[in-house]
Amino acid sequence: MKKILCLCLLVTITILGKTQASGKYIGNSGVGTDFSIQNNDGKMIPIGTKEDPKGTPYLLENWSNVMVYLTNGTNYTDNTFNYSLFDEQLYFIKNNNLFAVTDDIKEFILTPSGANDINQTTYRFANGYPIVNNANEKTFYQILAKGTHYHLLKWQHKKIRETYVYGAKAEFEYLNQINYYVFDFASNKMNFIGIKASANNIKSTLSVDESIWKAYLKNQTGNSKDEKSMIDFINYLNK
């Protein structure tokens, strides 16, 4: 029995070790190149060397390490990955070419290359949450905090903004949009918190009892209008 169990374990490890990202070839220089995109007025903008928007469509400045969990139960790790907030798509570079990941992803974790091992910053994204606003079950949210009662989620998106300066050529830049949500397990509901970080907005949206709020504030000395305060409060409610 022990020999059979060891053999099965070896086969599983071998299969997982060979799992690699599958993707669709996009190009050499990045998302948007050789494409036309639509601005807020519905105007098609040609994207080329001279018209590339200022900034970056990606979440991170550098291509990073990733851990990907697929819906079929397998997973893989790799490097040179990044997440585009413009089209909400995971990309990777292979042989100096850009590919969009075509695997059916359930969750992925990006870790910036060169991050300090002691205080390593990671970005965890997942989908499968209920439909809310213009999002659906395939929409990826960054998980800021999670527990048995609530998940604190951050949705980010980058759009193209066109600006004019009198007498000069129009310029284009990536503009970041942010929505905060709290997923409530008990009601299976997505609660919109707002576009700005605020622990007080969580309290109001979830109708948290005043006694619980005051008990939480006793040990808080920082700013209640930042992401850390939101994370701390959700972690408190999850205890």
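**Reading the labels in this model**

Biologist: Why does N238 count as buried?
Modeller: N238 has a relative accessibility of 12%, and buried means under 20% relative accessible area, exposed over 50% and partly exposed in between, with a 1.4 Å probe and protein chains only, so N238 counts as buried. This is a predicted model, in which local features need pLDDT of at least 70 and side-chain atom pairs count only at pLDDT 80 or more, while totals for chains, interfaces and linings use all residues. Residues are numbered from 1 along each chain as its sequence is written, and side-chain values use heavy atoms, with hydrogens and water left out.

Biologist: Where is N238 found, and what is N238 in contact with?
Modeller: N238 is found in the segment after α4 (227-237), where helices (H or I, at least four residues) and strands (E, at least two) are DSSP runs numbered from the N terminus. Contact means heavy atoms within 4.5 Å, and, leaving aside neighbours within four places in sequence, N238 is in contact with K146, G147, T148, H149 and Y150.

Biologist: What makes I131 exposed?
Modeller: The relative accessibility of I131 is 57%, so I131 counts as exposed. I131 lies in the loop between β9 (123-126) and β10 (141-146) and, not counting residues up to four places away in sequence, touches N136 and E137.

Biologist: How many aromatic pairs does the structure hold, and why is the pair of Y83 and F125 called tilted?
Modeller: The structure holds 20 aromatic pairs; rings of Phe, Tyr and Trp (its six-membered ring) pair if their centres lie within 6.5 Å, with planes under 30 degrees apart counted as stacked, over 60 as edge-to-face and the rest as tilted. The rings of Y83 and F125 have centres 5.0 Å apart and planes at 50 degrees, so this pair is tilted. Y83 in strand β5 (residues 75-84) and F125 in strand β9 are 42 residues apart, and their pair links distant parts of the chain.

Biologist: What makes the pair of F86 and Y174 edge-to-face?
Modeller: The ring planes of F86 and Y174 stand at 75 degrees, with the centres 5.9 Å apart, so the pair is edge-to-face. F86 lies in the loop between β5 and β6 (89-94) and Y174 in strand β12 (residues 171-184), so the pair ties together parts 88 residues apart in sequence. Y174, with a relative accessible area of 15%, is buried, whereas F86, at 21%, counts as partly exposed.

Biologist: How do you know that R124 forms a salt bridge with E107?
Modeller: A salt bridge is a side-chain nitrogen of Lys or Arg within 4 Å of a carboxyl oxygen of Asp or Glu, and the closest N and O atoms of R124 and E107 are 2.2 Å apart, so the pair meets the definition. R124 lies in strand β9 and E107 in strand β8, so the bridge ties together parts 17 residues apart in sequence. R124 is partly exposed, with a relative accessible area of 32%, and E107 is buried, at 12%.

Biologist: Which parts of the chain does the salt bridge of K154 and E227 tie together?
Modeller: The side chains of K154 and E227 meet in a salt bridge (2.7 Å, N to O). K154 lies in strand β11 (residues 150-163) and E227 in helix α4, so the pair ties together parts 73 residues apart in sequence. K154 is buried, with a relative accessible area of 10%, while E227, at 24% relative accessibility, counts as partly exposed.
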